[in-house]
Amino acid sequence: MTEGRTALAGHPASGITLRHTLRRALPSLLAGALMALGQAPLGLWWLALPALCWLMAQISAGESLRVAVWRGWFGGAGYFAAALFWIVEPFMVDAARQGWMAPFALVFMAAGMALFWGLGAGVGWRLGRGWTRPVALALSFAAVELMRGYVLTGFPWALIGHIWIDTPVVQAAAYVGPVGLTLVTTLLAALPLVLRLPGAVAAAGLIGLLWAGGLARLAEPIPPRETPIRVRLVQPNIPQHLKWDPALIGPQFRQQLDQTALPADPSPDLTIWPETALVWLLEDAAEPLAMIAEAAGGRPVALGVQRGEGGRYYNSLAVLDRTGQATGLYDKHHLVPFGEYIPFGDIAARFGIHGLAAREGDGYTSGPGPAILDLGPLGKVLPLICYEAVFPQDLRGAPERADWILQVTNDAWFGNLSGPYQHLAQARLRAVEQGLPLIRAANTGVSAIIDARGAIVSALPLNVEGTLDGSVPAALPPTPYARMGDLPVASLILFAGAVLLLLRRRESD
(Lines give C-alpha, C1' and ligand atoms only; values in the text may rest on other atoms or scores of the structure.)
Protein backbone atom coordinates (compact mmCIF):
# COMPACT_ATOMS: atom_id res chain seq x y z
CA MET A 1 0.00 0.00 0.00
CA THR A 2 2.82 2.42 0.79
CA GLU A 3 4.48 1.67 -2.53
CA GLY A 4 1.21 2.32 -4.33
CA ARG A 5 0.78 5.70 -2.66
CA THR A 6 4.35 6.66 -3.53
CA ALA A 7 3.85 5.73 -7.15
CA LEU A 8 0.62 7.69 -7.32
CA ALA A 9 2.29 10.78 -5.87
CA GLY A 10 4.77 10.76 -8.73
CA HIS A 11 2.16 10.24 -11.42
CA PRO A 12 1.87 13.21 -13.86
CA ALA A 13 -1.81 13.60 -12.98
CA SER A 14 -1.22 13.76 -9.25
CA GLY A 15 -1.82 16.74 -7.00
CA ILE A 16 1.92 17.07 -6.35
CA THR A 17 2.57 17.59 -10.06
CA LEU A 18 -0.26 20.08 -10.21
CA ARG A 19 1.18 21.99 -7.26
CA HIS A 20 4.59 21.92 -8.94
CA THR A 21 3.06 23.35 -12.12
CA LEU A 22 1.34 26.12 -10.20
CA ARG A 23 4.56 26.98 -8.39
CA ARG A 24 6.29 27.31 -11.75
CA ALA A 25 3.50 29.63 -12.89
CA LEU A 26 3.80 31.93 -9.89
CA PRO A 27 6.75 33.96 -11.25
CA SER A 28 4.75 34.78 -14.40
CA LEU A 29 1.69 35.64 -12.34
CA LEU A 30 3.77 37.90 -10.09
CA ALA A 31 5.52 39.57 -13.04
CA GLY A 32 2.15 40.40 -14.59
CA ALA A 33 0.81 41.82 -11.33
CA LEU A 34 3.91 44.01 -10.94
CA MET A 35 3.47 45.27 -14.50
CA ALA A 36 0.00 46.53 -13.55
CA LEU A 37 1.60 48.97 -11.11
CA GLY A 38 2.65 51.00 -14.13
CA GLN A 39 -0.98 51.89 -14.84
CA ALA A 40 -2.77 54.89 -13.31
CA PRO A 41 -3.05 56.01 -10.61
CA LEU A 42 0.41 54.75 -9.52
CA GLY A 43 2.26 55.07 -12.84
CA LEU A 44 5.30 53.11 -11.61
CA TRP A 45 6.77 52.65 -15.10
CA TRP A 46 10.23 52.05 -13.63
CA LEU A 47 8.83 48.92 -11.93
CA ALA A 48 6.51 47.83 -14.74
CA LEU A 49 9.26 47.80 -17.38
CA PRO A 50 11.65 45.45 -15.49
CA ALA A 51 8.64 43.25 -14.67
CA LEU A 52 7.85 43.01 -18.39
CA CYS A 53 11.50 42.11 -19.06
CA TRP A 54 11.27 39.41 -16.37
CA LEU A 55 8.09 37.97 -17.90
CA MET A 56 9.62 37.93 -21.38
CA ALA A 57 12.69 36.17 -20.00
CA GLN A 58 10.49 33.45 -18.48
CA ILE A 59 8.64 32.97 -21.75
CA SER A 60 11.87 32.94 -23.79
CA ALA A 61 13.33 30.27 -21.52
CA GLY A 62 10.30 28.00 -21.88
CA GLU A 63 11.32 24.51 -22.98
CA SER A 64 8.29 24.08 -25.21
CA LEU A 65 5.59 26.03 -27.01
CA ARG A 66 3.04 24.86 -24.46
CA VAL A 67 5.11 26.17 -21.54
CA ALA A 68 5.57 29.52 -23.28
CA VAL A 69 1.84 29.88 -23.90
CA TRP A 70 0.99 29.05 -20.30
CA ARG A 71 3.57 31.50 -18.95
CA GLY A 72 2.18 34.22 -21.20
CA TRP A 73 -1.36 33.41 -20.07
CA PHE A 74 -0.45 33.43 -16.37
CA GLY A 75 1.41 36.72 -16.83
CA GLY A 76 -1.67 38.19 -18.48
CA ALA A 77 -3.95 36.82 -15.77
CA GLY A 78 -1.89 38.50 -13.06
CA TYR A 79 -1.68 41.73 -15.03
CA PHE A 80 -5.36 42.07 -15.89
CA ALA A 81 -6.57 40.95 -12.47
CA ALA A 82 -4.46 43.70 -10.87
CA ALA A 83 -5.05 46.39 -13.50
CA LEU A 84 -8.78 45.79 -13.97
CA PHE A 85 -9.88 44.94 -10.44
CA TRP A 86 -12.18 48.00 -10.60
CA ILE A 87 -14.40 45.88 -12.87
CA VAL A 88 -16.16 44.62 -9.73
CA GLU A 89 -17.42 48.13 -8.88
CA PRO A 90 -20.49 48.25 -11.19
CA PHE A 91 -21.79 45.06 -9.59
CA MET A 92 -21.53 46.59 -6.12
CA VAL A 93 -23.86 49.49 -6.92
CA ASP A 94 -26.74 47.09 -6.26
CA ALA A 95 -24.78 44.59 -4.20
CA ALA A 96 -27.84 42.77 -2.88
CA ARG A 97 -28.87 41.70 -6.38
CA GLN A 98 -25.67 41.76 -8.40
CA GLY A 99 -22.77 41.61 -5.93
CA TRP A 100 -22.45 37.85 -6.28
CA MET A 101 -21.41 38.34 -9.91
CA ALA A 102 -18.44 40.60 -9.09
CA PRO A 103 -15.74 37.94 -8.48
CA PHE A 104 -16.87 35.98 -11.52
CA ALA A 105 -16.65 39.13 -13.65
CA LEU A 106 -13.07 39.79 -12.53
CA VAL A 107 -11.98 36.18 -13.02
CA PHE A 108 -13.56 35.87 -16.45
CA MET A 109 -12.26 39.28 -17.55
CA ALA A 110 -8.69 38.54 -16.43
CA ALA A 111 -8.74 35.03 -17.90
CA GLY A 112 -10.25 36.21 -21.18
CA MET A 113 -7.86 39.14 -21.66
CA ALA A 114 -4.95 36.85 -20.76
CA LEU A 115 -5.76 34.73 -23.83
CA PHE A 116 -4.29 37.53 -25.94
CA TRP A 117 -1.05 37.38 -23.99
CA GLY A 118 -0.98 33.58 -24.23
CA LEU A 119 -1.32 33.95 -28.00
CA GLY A 120 1.41 36.58 -28.09
CA ALA A 121 3.74 34.39 -26.02
CA GLY A 122 3.16 31.38 -28.25
CA VAL A 123 3.67 33.24 -31.52
CA GLY A 124 6.77 35.03 -30.25
CA TRP A 125 8.32 31.85 -28.86
CA ARG A 126 7.67 29.98 -32.09
CA LEU A 127 8.81 32.81 -34.36
CA GLY A 128 12.12 33.48 -32.63
CA ARG A 129 15.08 31.41 -31.56
CA GLY A 130 18.08 32.36 -29.45
CA TRP A 131 18.68 36.11 -29.45
CA THR A 132 15.77 36.75 -31.82
CA ARG A 133 13.18 35.30 -29.47
CA PRO A 134 12.89 38.36 -27.17
CA VAL A 135 12.57 40.54 -30.27
CA ALA A 136 9.84 38.25 -31.61
CA LEU A 137 8.05 38.44 -28.27
CA ALA A 138 8.24 42.24 -28.34
CA LEU A 139 6.60 42.26 -31.77
CA SER A 140 3.95 39.66 -30.94
CA PHE A 141 2.93 41.33 -27.68
CA ALA A 142 2.49 44.64 -29.49
CA ALA A 143 0.44 42.83 -32.15
CA VAL A 144 -1.95 41.22 -29.67
CA GLU A 145 -2.35 44.52 -27.82
CA LEU A 146 -3.42 45.99 -31.15
CA MET A 147 -5.88 43.12 -31.60
CA ARG A 148 -7.26 43.77 -28.14
CA GLY A 149 -8.57 47.13 -29.36
CA TYR A 150 -10.67 45.56 -32.11
CA VAL A 151 -11.67 41.95 -31.38
CA LEU A 152 -15.27 41.54 -30.13
CA THR A 153 -15.85 45.34 -30.26
CA GLY A 154 -12.47 45.85 -28.54
CA PHE A 155 -11.23 46.65 -25.06
CA PRO A 156 -7.90 48.54 -25.29
CA TRP A 157 -7.90 49.40 -21.58
CA ALA A 158 -4.56 49.19 -19.71
CA LEU A 159 -2.41 48.69 -22.79
CA ILE A 160 1.23 48.00 -21.98
CA GLY A 161 2.24 51.38 -23.43
CA HIS A 162 -0.10 53.24 -21.08
CA ILE A 163 2.62 53.15 -18.41
CA TRP A 164 4.06 56.31 -20.02
CA ILE A 165 0.92 58.48 -19.91
CA ASP A 166 2.02 60.43 -16.84
CA THR A 167 5.52 61.03 -18.23
CA PRO A 168 6.93 63.15 -21.08
CA VAL A 169 7.44 59.93 -23.09
CA VAL A 170 3.70 59.95 -23.86
CA GLN A 171 4.35 62.72 -26.40
CA ALA A 172 5.59 60.02 -28.76
CA ALA A 173 1.93 58.97 -29.13
CA ALA A 174 1.41 62.00 -31.38
CA TYR A 175 3.57 60.13 -33.92
CA VAL A 176 3.04 56.41 -33.24
CA GLY A 177 -0.17 56.17 -31.20
CA PRO A 178 -0.88 53.84 -28.26
CA VAL A 179 0.23 50.66 -30.07
CA GLY A 180 3.45 52.39 -31.07
CA LEU A 181 4.04 53.25 -27.41
CA THR A 182 3.43 49.60 -26.57
CA LEU A 183 5.90 48.44 -29.23
CA VAL A 184 8.52 50.86 -27.90
CA THR A 185 7.92 49.49 -24.41
CA THR A 186 8.20 45.82 -25.37
CA LEU A 187 11.35 46.49 -27.40
CA LEU A 188 12.91 48.34 -24.46
CA ALA A 189 12.15 45.32 -22.27
CA ALA A 190 13.68 42.99 -24.87
CA LEU A 191 17.00 44.85 -25.14
CA PRO A 192 18.55 43.54 -21.89
CA LEU A 193 17.58 39.99 -22.90
CA VAL A 194 19.34 40.34 -26.26
CA LEU A 195 22.45 42.32 -25.24
CA ARG A 196 22.62 41.73 -21.45
CA LEU A 197 24.20 44.68 -19.59
CA PRO A 198 24.88 46.75 -22.75
CA GLY A 199 21.22 46.26 -23.66
CA ALA A 200 20.08 47.54 -20.26
CA VAL A 201 22.30 50.60 -20.69
CA ALA A 202 20.96 51.13 -24.21
CA ALA A 203 17.37 50.87 -22.94
CA ALA A 204 18.07 53.47 -20.25
CA GLY A 205 19.63 55.74 -22.86
CA LEU A 206 16.66 55.40 -25.20
CA ILE A 207 14.27 56.21 -22.36
CA GLY A 208 16.34 59.31 -21.67
CA LEU A 209 16.11 60.38 -25.33
CA LEU A 210 12.35 59.83 -25.41
CA TRP A 211 11.99 61.73 -22.14
CA ALA A 212 14.04 64.66 -23.45
CA GLY A 213 12.08 64.71 -26.70
CA GLY A 214 8.81 64.77 -24.77
CA LEU A 215 10.01 67.62 -22.58
CA ALA A 216 11.03 69.58 -25.66
CA ARG A 217 7.58 69.10 -27.20
CA LEU A 218 5.87 70.14 -23.97
CA ALA A 219 8.03 73.26 -23.81
CA GLU A 220 6.77 74.50 -27.17
CA PRO A 221 4.04 77.09 -26.51
CA ILE A 222 0.55 76.40 -27.85
CA PRO A 223 -0.72 79.53 -29.64
CA PRO A 224 -3.81 80.99 -27.94
CA ARG A 225 -7.23 80.49 -29.50
CA GLU A 226 -8.25 83.48 -31.60
CA THR A 227 -11.74 83.61 -30.12
CA PRO A 228 -11.86 82.48 -26.47
CA ILE A 229 -14.44 79.86 -25.52
CA ARG A 230 -15.42 79.77 -21.86
CA VAL A 231 -16.93 76.57 -20.47
CA ARG A 232 -18.42 75.56 -17.13
CA LEU A 233 -18.19 71.91 -16.09
CA VAL A 234 -20.84 70.78 -13.61
CA GLN A 235 -19.73 67.95 -11.30
CA PRO A 236 -22.68 67.06 -9.02
CA ASN A 237 -20.91 64.08 -7.38
CA ILE A 238 -24.04 61.93 -7.17
CA PRO A 239 -23.27 58.37 -5.96
CA GLN A 240 -24.52 55.78 -8.43
CA HIS A 241 -26.66 53.93 -5.90
CA LEU A 242 -28.57 57.18 -5.17
CA LYS A 243 -28.81 58.52 -8.71
CA TRP A 244 -32.21 56.99 -9.51
CA ASP A 245 -33.75 57.19 -6.03
CA PRO A 246 -37.22 58.77 -6.60
CA ALA A 247 -36.96 60.73 -3.36
CA LEU A 248 -33.66 62.32 -4.43
CA ILE A 249 -34.29 63.04 -8.11
CA GLY A 250 -35.76 66.49 -7.39
CA PRO A 251 -33.03 67.68 -5.00
CA GLN A 252 -30.28 66.35 -7.27
CA PHE A 253 -31.76 68.14 -10.29
CA ARG A 254 -32.04 71.37 -8.31
CA GLN A 255 -28.41 70.98 -7.21
CA GLN A 256 -27.26 70.92 -10.85
CA LEU A 257 -29.50 73.90 -11.67
CA ASP A 258 -27.91 75.86 -8.82
CA GLN A 259 -24.42 74.94 -10.02
CA THR A 260 -25.35 76.08 -13.53
CA ALA A 261 -26.70 79.43 -12.29
CA LEU A 262 -23.65 80.38 -10.20
CA PRO A 263 -22.36 83.82 -11.27
CA ALA A 264 -19.06 84.04 -13.12
CA ASP A 265 -17.00 86.79 -14.71
CA PRO A 266 -16.72 86.27 -17.59
CA SER A 267 -19.86 84.18 -18.01
CA PRO A 268 -19.45 80.74 -19.58
CA ASP A 269 -20.28 80.38 -23.27
CA LEU A 270 -21.25 76.74 -22.72
CA THR A 271 -22.25 74.80 -19.60
CA ILE A 272 -21.64 71.05 -19.64
CA TRP A 273 -23.43 68.45 -17.50
CA PRO A 274 -22.09 64.87 -17.30
CA GLU A 275 -23.39 61.62 -18.79
CA THR A 276 -27.06 60.78 -18.02
CA ALA A 277 -27.24 63.94 -15.91
CA LEU A 278 -30.95 64.19 -16.70
CA VAL A 279 -33.00 61.31 -15.36
CA TRP A 280 -35.98 61.94 -17.65
CA LEU A 281 -36.08 60.86 -21.26
CA LEU A 282 -35.28 63.73 -23.61
CA GLU A 283 -38.68 63.63 -25.28
CA ASP A 284 -40.48 63.79 -21.90
CA ALA A 285 -38.39 66.58 -20.37
CA ALA A 286 -39.71 69.81 -21.90
CA GLU A 287 -40.20 71.50 -18.52
CA PRO A 288 -36.84 70.42 -16.99
CA LEU A 289 -35.05 71.48 -20.18
CA ALA A 290 -36.63 74.92 -20.03
CA MET A 291 -35.51 75.20 -16.39
CA ILE A 292 -31.95 74.29 -17.39
CA ALA A 293 -31.93 76.95 -20.11
CA GLU A 294 -33.20 79.53 -17.63
CA ALA A 295 -30.54 78.61 -15.07
CA ALA A 296 -27.89 78.99 -17.78
CA GLY A 297 -29.07 82.51 -18.54
CA GLY A 298 -29.99 81.68 -22.10
CA ARG A 299 -26.56 80.32 -22.94
CA PRO A 300 -26.12 76.84 -24.47
CA VAL A 301 -25.95 73.74 -22.30
CA ALA A 302 -24.61 70.31 -23.31
CA LEU A 303 -25.78 67.40 -21.19
CA GLY A 304 -25.97 63.64 -21.10
CA VAL A 305 -29.49 62.27 -21.44
CA GLN A 306 -31.36 59.15 -22.47
CA ARG A 307 -33.85 59.25 -25.29
CA GLY A 308 -36.27 56.88 -26.95
CA GLU A 309 -37.28 56.49 -30.56
CA GLY A 310 -39.33 53.75 -32.18
CA GLY A 311 -39.10 51.46 -29.19
CA ARG A 312 -35.30 51.83 -29.02
CA TYR A 313 -33.35 53.73 -26.39
CA TYR A 314 -30.13 55.68 -26.74
CA ASN A 315 -27.43 57.01 -24.43
CA SER A 316 -27.11 60.52 -25.86
CA LEU A 317 -25.61 63.97 -25.59
CA ALA A 318 -27.92 66.91 -26.34
CA VAL A 319 -27.02 70.57 -26.86
CA LEU A 320 -29.76 72.96 -25.71
CA ASP A 321 -30.36 76.44 -27.10
CA ARG A 322 -31.50 79.47 -25.12
CA THR A 323 -35.09 78.13 -24.95
CA GLY A 324 -34.19 74.59 -23.89
CA GLN A 325 -34.69 73.05 -27.33
CA ALA A 326 -32.22 70.37 -28.40
CA THR A 327 -30.42 71.82 -31.42
CA GLY A 328 -27.60 69.28 -31.44
CA LEU A 329 -27.79 65.55 -30.71
CA TYR A 330 -25.30 62.69 -30.59
CA ASP A 331 -26.11 59.05 -29.81
CA LYS A 332 -23.37 56.93 -28.29
CA HIS A 333 -22.33 54.31 -30.83
CA HIS A 334 -19.62 52.28 -29.06
CA LEU A 335 -21.56 50.62 -26.27
CA VAL A 336 -20.24 48.60 -23.33
CA PRO A 337 -21.05 44.89 -23.77
CA PHE A 338 -23.02 43.56 -20.80
CA GLY A 339 -23.06 47.08 -19.33
CA GLU A 340 -25.16 49.04 -21.79
CA TYR A 341 -26.38 46.18 -23.92
CA ILE A 342 -26.41 42.40 -23.90
CA PRO A 343 -25.29 40.56 -27.03
CA PHE A 344 -28.40 38.97 -28.52
CA GLY A 345 -30.27 41.20 -26.08
CA ASP A 346 -33.77 40.57 -27.44
CA ILE A 347 -33.35 36.90 -26.53
CA ALA A 348 -31.55 37.58 -23.22
CA ALA A 349 -34.31 39.99 -22.13
CA ARG A 350 -36.80 37.13 -22.13
CA PHE A 351 -34.79 35.65 -19.27
CA GLY A 352 -34.55 38.95 -17.39
CA ILE A 353 -30.94 39.69 -18.39
CA HIS A 354 -30.33 43.39 -19.07
CA GLY A 355 -27.36 45.75 -19.30
CA LEU A 356 -26.21 47.16 -15.95
CA ALA A 357 -26.21 50.82 -17.00
CA ALA A 358 -29.31 50.95 -19.19
CA ARG A 359 -32.31 52.41 -17.38
CA GLU A 360 -34.88 51.93 -20.13
CA GLY A 361 -35.92 48.97 -22.26
CA ASP A 362 -33.66 45.96 -22.66
CA GLY A 363 -30.49 48.00 -23.20
CA TYR A 364 -29.24 50.81 -25.35
CA THR A 365 -29.18 50.87 -29.13
CA SER A 366 -25.99 51.93 -30.86
CA GLY A 367 -25.92 55.29 -32.64
CA PRO A 368 -24.80 55.57 -36.28
CA GLY A 369 -21.14 56.30 -35.52
CA PRO A 370 -18.65 59.08 -34.75
CA ALA A 371 -20.02 62.55 -35.42
CA ILE A 372 -19.16 66.23 -35.29
CA LEU A 373 -21.47 68.75 -33.63
CA ASP A 374 -21.22 72.21 -35.17
CA LEU A 375 -21.77 74.67 -32.32
CA GLY A 376 -21.29 77.76 -34.45
CA PRO A 377 -19.03 80.30 -32.71
CA LEU A 378 -18.12 77.61 -30.14
CA GLY A 379 -16.48 75.52 -32.85
CA LYS A 380 -16.86 72.02 -34.17
CA VAL A 381 -16.94 69.47 -31.37
CA LEU A 382 -16.21 65.74 -31.38
CA PRO A 383 -18.52 64.26 -28.70
CA LEU A 384 -17.57 61.17 -26.69
CA ILE A 385 -19.72 59.48 -24.08
CA CYS A 386 -17.89 57.63 -21.31
CA TYR A 387 -16.04 54.55 -22.55
CA GLU A 388 -15.81 55.86 -26.13
CA ALA A 389 -12.71 57.80 -25.07
CA VAL A 390 -10.67 54.58 -24.87
CA PHE A 391 -10.90 53.88 -28.63
CA PRO A 392 -8.45 55.96 -30.70
CA GLN A 393 -9.84 54.54 -33.94
CA ASP A 394 -13.26 56.02 -33.15
CA LEU A 395 -11.85 59.53 -32.94
CA ARG A 396 -10.15 59.04 -36.28
CA GLY A 397 -13.46 57.82 -37.70
CA ALA A 398 -15.13 61.23 -37.37
CA PRO A 399 -16.29 62.74 -40.69
CA GLU A 400 -14.05 65.79 -40.28
CA ARG A 401 -11.49 67.23 -37.89
CA ALA A 402 -12.95 68.87 -34.81
CA ASP A 403 -11.79 72.02 -33.04
CA TRP A 404 -11.98 70.27 -29.67
CA ILE A 405 -13.16 67.07 -28.02
CA LEU A 406 -16.00 66.88 -25.47
CA GLN A 407 -16.31 63.85 -23.20
CA VAL A 408 -19.21 63.42 -20.80
CA THR A 409 -18.99 60.46 -18.45
CA ASN A 410 -20.35 58.93 -15.27
CA ASP A 411 -17.32 57.42 -13.58
CA ALA A 412 -19.34 56.69 -10.45
CA TRP A 413 -19.59 53.21 -11.99
CA PHE A 414 -15.80 52.79 -11.69
CA GLY A 415 -15.42 53.16 -7.93
CA ASN A 416 -12.89 55.35 -6.13
CA LEU A 417 -9.53 53.69 -6.68
CA SER A 418 -8.00 52.98 -10.08
CA GLY A 419 -10.89 52.99 -12.56
CA PRO A 420 -11.61 56.74 -12.75
CA TYR A 421 -7.91 57.60 -12.95
CA GLN A 422 -7.24 55.07 -15.72
CA HIS A 423 -10.20 56.48 -17.65
CA LEU A 424 -8.86 60.03 -17.22
CA ALA A 425 -5.38 58.91 -18.33
CA GLN A 426 -6.78 57.51 -21.57
CA ALA A 427 -8.63 60.76 -22.25
CA ARG A 428 -5.31 62.58 -21.91
CA LEU A 429 -3.75 60.14 -24.36
CA ARG A 430 -6.50 60.86 -26.92
CA ALA A 431 -5.65 64.57 -26.72
CA VAL A 432 -1.96 63.85 -27.40
CA GLU A 433 -2.74 61.53 -30.32
CA GLN A 434 -5.09 63.97 -32.03
CA GLY A 435 -3.43 67.26 -31.10
CA LEU A 436 -6.80 68.48 -29.84
CA PRO A 437 -7.89 69.85 -26.45
CA LEU A 438 -10.32 67.68 -24.53
CA ILE A 439 -13.00 68.92 -22.12
CA ARG A 440 -14.20 66.27 -19.68
CA ALA A 441 -17.34 66.53 -17.53
CA ALA A 442 -17.68 63.63 -15.07
CA ASN A 443 -20.45 63.07 -12.53
CA THR A 444 -18.15 62.16 -9.62
CA GLY A 445 -14.94 63.34 -11.29
CA VAL A 446 -12.36 63.74 -12.44
CA SER A 447 -13.70 66.64 -14.54
CA ALA A 448 -10.88 68.36 -16.38
CA ILE A 449 -9.73 70.77 -19.05
CA ILE A 450 -6.92 69.06 -20.99
CA ASP A 451 -4.75 70.79 -23.57
CA ALA A 452 -3.67 69.45 -26.96
CA ARG A 453 -0.54 67.84 -25.48
CA GLY A 454 -2.45 65.95 -22.80
CA ALA A 455 -1.57 68.28 -19.91
CA ILE A 456 -4.31 68.91 -17.34
CA VAL A 457 -4.88 72.67 -17.29
CA SER A 458 -7.38 72.52 -14.43
CA ALA A 459 -9.49 69.83 -12.79
CA LEU A 460 -12.03 68.99 -10.10
CA PRO A 461 -10.84 66.11 -7.87
CA LEU A 462 -12.64 62.79 -7.56
CA ASN A 463 -15.70 62.71 -5.29
CA VAL A 464 -15.96 66.49 -4.98
CA GLU A 465 -19.09 68.49 -5.75
CA GLY A 466 -18.41 71.69 -7.65
CA THR A 467 -18.08 73.58 -10.90
CA LEU A 468 -15.02 74.24 -13.01
CA ASP A 469 -14.85 77.36 -15.18
CA GLY A 470 -12.14 77.73 -17.77
CA SER A 471 -11.23 78.33 -21.38
CA VAL A 472 -10.97 75.71 -24.11
CA PRO A 473 -7.28 75.49 -25.11
CA ALA A 474 -6.29 75.88 -28.74
CA ALA A 475 -5.78 72.96 -31.11
CA LEU A 476 -2.49 71.96 -32.72
CA PRO A 477 -2.09 70.94 -36.37
CA PRO A 478 -3.10 67.33 -37.11
CA THR A 479 -0.51 64.93 -35.74
CA PRO A 480 1.05 62.12 -37.80
CA TYR A 481 -1.04 59.65 -35.81
CA ALA A 482 -4.23 61.62 -36.46
CA ARG A 483 -3.48 61.39 -40.19
CA MET A 484 -2.30 57.78 -40.46
CA GLY A 485 -3.52 55.94 -37.36
CA ASP A 486 -2.15 52.49 -36.50
CA LEU A 487 -1.30 51.51 -40.09
CA PRO A 488 2.43 52.46 -39.99
CA VAL A 489 3.06 50.63 -36.70
CA ALA A 490 1.00 47.60 -37.76
CA SER A 491 2.94 47.47 -41.05
CA LEU A 492 6.24 47.68 -39.16
CA ILE A 493 5.22 44.80 -36.89
CA LEU A 494 4.23 42.65 -39.87
CA PHE A 495 7.41 43.46 -41.79
CA ALA A 496 9.69 42.76 -38.82
CA GLY A 497 7.78 39.56 -38.11
CA ALA A 498 8.24 38.45 -41.72
CA VAL A 499 12.00 39.08 -41.45
CA LEU A 500 12.20 36.97 -38.29
CA LEU A 501 10.20 34.21 -39.96
CA LEU A 502 12.63 34.24 -42.89
CA LEU A 503 15.59 34.03 -40.52
CA ARG A 504 13.97 31.14 -38.66
CA ARG A 505 13.44 29.21 -41.90
CA ARG A 506 16.99 29.79 -43.03
CA GLU A 507 18.26 28.44 -39.70
CA SER A 508 16.07 25.36 -40.13
CA ASP A 509 17.38 24.62 -43.64
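Tutor: A helix here is a DSSP run of H or I, at least four residues in length. The model is predicted.

Student: How far apart are the end C-alpha atoms of residues 100-123?
Tutor: These residues carry the "transmembrane region" annotation in the UniProt record too. The span is 92% helix and 0% strand. Its end C-alpha atoms are separated by 37 Å.

Student: At what angle do the axes of helix 4 and helix 7 cross?
Tutor: Helix 4 covers residues 65-83, and helix 7 covers residues 102-127. Contacts between them involve, among others, Gly 72, Gly 76 and Phe 80 of helix 4, and Ala 114, Gly 118 and Trp 125 of helix 7. The axes come within 6 Å, and they cross at roughly 140 degrees.

Student: Which strands stand at the edges of the open sheet?
Tutor: Six strands make up the sheet, in the order 6-7-8-9-10-11, with mixed pairing.

Student: Which residue in strand 7 stands opposite Leu 373?
Tutor: Strand 6 and strand 7 run antiparallel, joined by two bridges. Strand 7 spans residues 380-385. Opposite Leu 373 stands Val 381.

Student: And which helix packs on the sheet?
Tutor: The helix touches strand 8, strand 9, strand 10 and strand 11. Its direction makes about 160 degrees with that of strand 9. Residues 419-434 form this element, helix 14.

Student: Is Lys 332 buried or exposed?
Tutor: Lys 332 sits in the loop between strand 5 and helix 12. Its relative accessible area is 0%. The cut-off for buried is under 20%, so Lys 332 is buried.

Student: Which residue joins its side chain to that of Lys 332 in a polar contact?
Tutor: Lys 332 touches several residues beyond four places away in sequence, including Asn 315, Glu 340, Ser 366, Tyr 387 and Glu 388. The polar contact spans 2.8 Å. The partner of Lys 332 in this contact is Glu 340.

Key: Residues numbered from 1 in each chain as written. Predicted model: local features only at pLDDT ≥ 70, side-chain atom pairs only at ≥ 80, totals over all residues. Heavy atoms only, no water. Pairing = 2+ DSSP bridges. Contact = heavy atoms within 4.5 Å. Axes fitted to C-alpha atoms, helices over the stretch in contact; angles between N-to-C directions. Buried < 20%, exposed > 50% of the residue type's maximum accessible area, 1.4 Å probe, protein only. Polar contact = N/O pair within 3.5 Å; in protein donor to acceptor, adjacent residues only side chain to side chain. UniProt positions renumbered as here; feature names shortened; annotations may be inferred.
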